[in-house]
Structures are given as C-alpha cells and as structure tokens.
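Colleague: I have a model open and would like to work through it with you. Shall we take it one question at a time?

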Amino acid sequence: MPSSTVADMAQKIKDEELFCFEGSEKKMEIDFVPIDGSDAACLSRGAGSMRSYRRQFWSECIALLNGSILLHEDQEGFDTYLISESSLFVYDDRVVILTCGTTLLLKTLPVIVQAGADIGLEVSWFQYSRKNFLFPEQQSFPHTCFNTEVSFLNKVFPTGRPFVMGPINSDHWYLFVADFVRRARDVDWDANGKDIDRPKIQDKDQMLNVYMYDIDPEVAQLFMKADPLIVPSIFASESSSENESAGLDSPYVGSSTDDGGGGSSRNGGSSGEGSEEEEGDGDGNKDMVEFPKVQGGAGAGGKTMKAYVADGGAKVFAGDSFSSTPEEATARSGIGALMLDDGYVTHAHLFEPCGYSMNGTAGKKNEAYWTIHITPEAHCSYASFETNYSCPSYHDLIRRVAGVFRPKRLTTVEHVDQDSCIGLSAPVAPAEIGGYSMDGRSFNEFGCKDYCIQMCNYSMEGVE
C-alpha cells in the first residue's frame, strides 16, 4: 500500500480511536536431525522425536510468547495445536509455529532448540519470516523492527542470513534463514574423526502462504459474533460492490453476515502495510469445536462440502446475520471446501467478539497441515492461509482462497524445494487470478540452488 494511504489509515484510527489488531503472523520453522547422524525419517514419538514433548511442555512454551493453547489433537504424522494467537504444528523432526498480534514469538526459540538438544537433535534448517507490520509501534522487543529481530537471531544462529522480498514502501516480506543442511557429500565425520554414513539429502518440501488485506465486508461479517452496534467498525468499509465491478466470481461466499475468531481478542490485527525499518491479548473462551473427519469438511445442513459449494456456498444462508458456531462460519464462508477432497478441518474457533482460527489436515496420508486466521474488523481486516500440502501447482488453490475472501489486495509466498512435487513439475511461476492484477514479483534461490522462494503482490482490478 502506498505510504500516503498508510498515513490516512493511521489518522483515521487515531481520530476514531479504533482498536488495532496486528493480524499478520510471525512464523518460525525449525527442522531437526539426529546429532548421531542417523536418518531423521526413522524418528518416532517416544524415541528422540519432538512429538515426545506433550501438551504441558508446549503450553509452557506458548506462555513465553504471551499465548495459550485452545485445542490440541494428535494426527498420524504430526500434532496440531490451535493457540490463542494462531497455530503450532509439531512433527517428529520439525516445529512450525505462527503467532499474530504483539506476541513475542522469538522468545520461544532458545527453549525449542534446547528441547531438541535434550533428546539428541540438532537444528538442520531454520526460518523466521513475516510480512511488514501495519502497526509496528505496538510491537515489543525483540519484534520492534526487523533489524532488532535479526540481531536477536544472530545470537542463536551467527551464520544466518536476512532477506527482504518486495518493495520496501509497500507490501514486503522479511525472511531470516539459517541453513545447516549437509548436501555436498554422503559421508561425514563424528567428533573423533570417524566416518559416518549419512543418507543423501532429498529436499521435498513445499509451502504456500497467502496474506490477504481489506477482505470483503460481507465475508468479514461471517466471522463476527457481536451485534453491529457493539462492533461498528466492521461496517465502515465501502460496499462489496467493488468486487462485483472487478469481475470476481466466487462460488464460495454469499451475502450473509457472521461472526468469527481472530480479531480483537486474538492479540493483534493488520492490513500489513507500512514499512517499519525505523525503530519504533486475551483468549477466546467459547465455541471451540472439533470437526468430524469427513473428506471435504462438514457442510451446511449435513451436506458434504462438495455438494454445499455446488449449491452456491454461503448464498444459501442469505438473510441471516451472524454465525453462531465455528462450524457455521466454516461452512458459510466456504473455508471447509478449500482443499476439496484432499483435506478437512480438524478444529476451529470463533473468538469474542470477532475473529476466527482453524487448523486442518491434508494429503493422501494426512501428512500436511493447512491453517487460516482471520481478523475481520474493517479498518484492519486481514486473513491468512498457509499449507505444506504437496501438489504439482498451487495456482488453483490460490484462486480458490482469493475467491473465498475477495480481498482488495493479497501477497502470495511459495517455498519450493527442487525435489518437491512443484519443483519436479515446472519452473515456479506466478499465479493468474481472475479479477486481480499482479503488482510485482520477487524470486530468490537458496542453498545450492536447491530451493527457491517466490513472492507476488496482487491488487483487485478497478479498486484504488
């Protein structure tokens, strides 16, 4: 967003004394390998796995960043935690954690690294990333600016490298990578100089992030639990007729209003605009729901999600006001159908008075996660989508996600390893999204050119 628009929004927030929630997430991924050189693929819960740490440990860890666990479920391949400020996913050999608001995510890093060392694991790859904050002045150390974050991270990983992708005066994305993956040889040596046979590294990971700002007000209403007189800011944006003039045709979302879980009570929300190079919480308590494990998710009126979408998505609820349960918000918005028959919602949460978070499982062996977090207030509306689901292309998924939320602008970030499904299919290229124009693309290769990251900014056509 242009800096003048950021200034106008800042003045509007000040004049109207609006509550500002930083919705965009800070994220860490920490990958581990056994210190003794054995194959990480042989790890299993209870035998040197990060999954050997149970809910009590992770609860104490999340408390360090000023969050709490709302719901937890063990999947076949990983453990999933819905937390008050986003999500945590724990695999045998990796930990992925996303937190929004003013949480102090990096303060958990030394604890997690030490927990790995205590069971014979060392870090093989680390990534910290986030979008630029809309409200950087609200953040506390070590998140007051990216330079401060880098200084903090360099104390843990002195060889790590920071990057910025995208225009610094508009939507951009920060990244810090510490890469210890052994790629050059199949033989290594232990501390005594003895040969250790190590398995040849195959990089097969891929991941998609979609960051969406100024989501359609009619969609945002689906994630409100309060009366409009209590939370008037949700209705402050212009009519969603702009979306129609932009030529968007979404089969997923209709015109009903609703409730949600993520905004005011999740501890921070954002439209993710201004640069913060200069130095500059409460938990929901209701409507945590575990969803039935039906492929495609639970639909409206007992229908499957596939049939529900075919009937026009949320349009079948026209005339209703707010959602009363997480299942209702999930169904009416079309979220439950995003992964089609390749994934389902495991649990979701509606916050008071507004906001929404969900975790889901995807893939033929339920080996992947997908997660969505929504801040619906009009002056800082935001939604994010993330998955490590393996497929030949994310383009159709990106289009479905944009069709559900109809944001005025969005940023996509694709992480692609060379031996991943996307990496083996075709060169990484930007998605074409109907009703949107691409404002810019950033691309970078990492390691020995064995993985790359692509970031693209899009804006809705016909909207200034």
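Colleague: At roughly what angle do the axes of helix 2 and helix 3 cross?

Modeller: Keep in mind that this is a predicted model. The axes of helix 2 and helix 3 come within 9 Å. Their crossing angle is roughly 155°.

Colleague: Are helix 2 and helix 3 roughly parallel or roughly antiparallel to each other?

Modeller: Start from the angle, roughly 155°. Angles over 145 degrees count as roughly antiparallel. Helix 2 and helix 3 are therefore roughly antiparallel.

Colleague: How many residues in the contact of helix 2 with helix 3 are nonpolar?

Modeller: Helix 2 brings Phe 57, Trp 58, Cys 61 and Leu 64. Helix 3 meets them with Val 111, Ile 112 and Ala 115. No polar and no charged residues take part, and the nonpolar count is 7.

Colleague: Within what arc do the buried residues of helix 2 fall?

Modeller: The buried residues of helix 2 are Trp 58, Cys 61 and Ile 62. Seen down the axis of helix 2, they line one face, because they fall within an arc of 100°. An α-helix has 3.6 residues a turn, so residues three or four places apart point the same way. For helix 2, the arc to remember is 100°.

Colleague: Which helix do the buried residues of helix 2 pack against?

Modeller: Strands come into it too: strand 2, strand 3, strand 4 and strand 5 pack against these buried residues. The helix in that list is helix 3.

Colleague: Is Cys 61 buried or exposed?

Modeller: Buried means under 20% relative accessible area. Cys 61 has a relative accessible area of 2%. That makes Cys 61 buried.

Colleague: How many disulfides are there?

Modeller: A disulfide needs a pair of cysteine sulfur atoms within 2.5 Å. By this rule the count of disulfides is 0.

Colleague: Which residues of helix 4 are buried?

Modeller: Helix 4 spans residues 146-156. Its buried residues are covered by elements including helix 3, strand 6, strand 7 and strand 8. The buried residues themselves are Phe 146, Thr 148, Glu 149, Val 150, Phe 152 and Leu 153.

Colleague: Which residue does a cis peptide bond join to Phe 141?

Modeller: Most residues other than glycine have a negative phi, and most peptide bonds are trans. Here omega is about 10° and the bond is cis. Phe 141 is joined to Pro 142.

Colleague: Where is Pro 353 found?

Modeller: Pro 353 is joined to Glu 352 by a cis peptide bond, with omega about 0°. Pro 353 sits in the loop between strand 13 and strand 14.

Colleague: Is Ser 86 buried or exposed?

Modeller: Ser 86 is found in strand 4. Its phi is positive, about 125°, although Ser 86 is not a glycine. With a relative accessible area of 0%, Ser 86 is buried.

Colleague: What relative accessibility does Asn 366 have?

Modeller: Asn 366 also has a positive phi, about 55°. Asn 366 lies in the loop between strand 14 and strand 15. Asn 366 counts as partly exposed, at a relative accessibility of 24%.

Colleague: What distance separates the C-alpha atoms of Gly 23 and Phe 135?

Modeller: Gly 23 is in the loop between helix 1 and strand 1. Gly 23 counts as buried, at 1% relative accessibility. Gly 23 and Phe 135 are 112 residues apart along the chain, and their C-alpha atoms are separated by 9.9 Å.

Conventions. Residues are numbered from 1 along each chain as its sequence is written. This is a predicted model: local features need pLDDT of at least 70, side-chain atom pairs count only at pLDDT 80 or more; totals for chains, interfaces and linings use all residues. Side-chain values use heavy atoms; hydrogens and water are left out. Buried means under 20% relative accessible area, exposed over 50%, partly exposed in between (1.4 Å probe, protein chains only). Helices (H or I, at least four residues) and strands (E, at least two) are DSSP runs, numbered from the N terminus. Contact means heavy atoms within 4.5 Å. The arc is that of the directions from the helix axis to the C-beta atoms. Axes are lines fitted to C-alpha atoms, for helices over the stretch in contact, and angles run from 0 to 180 degrees between N-to-C directions. Angles under 35 degrees count as roughly parallel, over 145 as roughly antiparallel, 65 to 115 as roughly perpendicular and the rest as oblique. Ala, Val, Leu, Ile, Met, Phe, Trp, Tyr, Cys and Pro count as nonpolar, Asp, Glu, Lys and Arg as charged, and the others, Gly among them, as polar.
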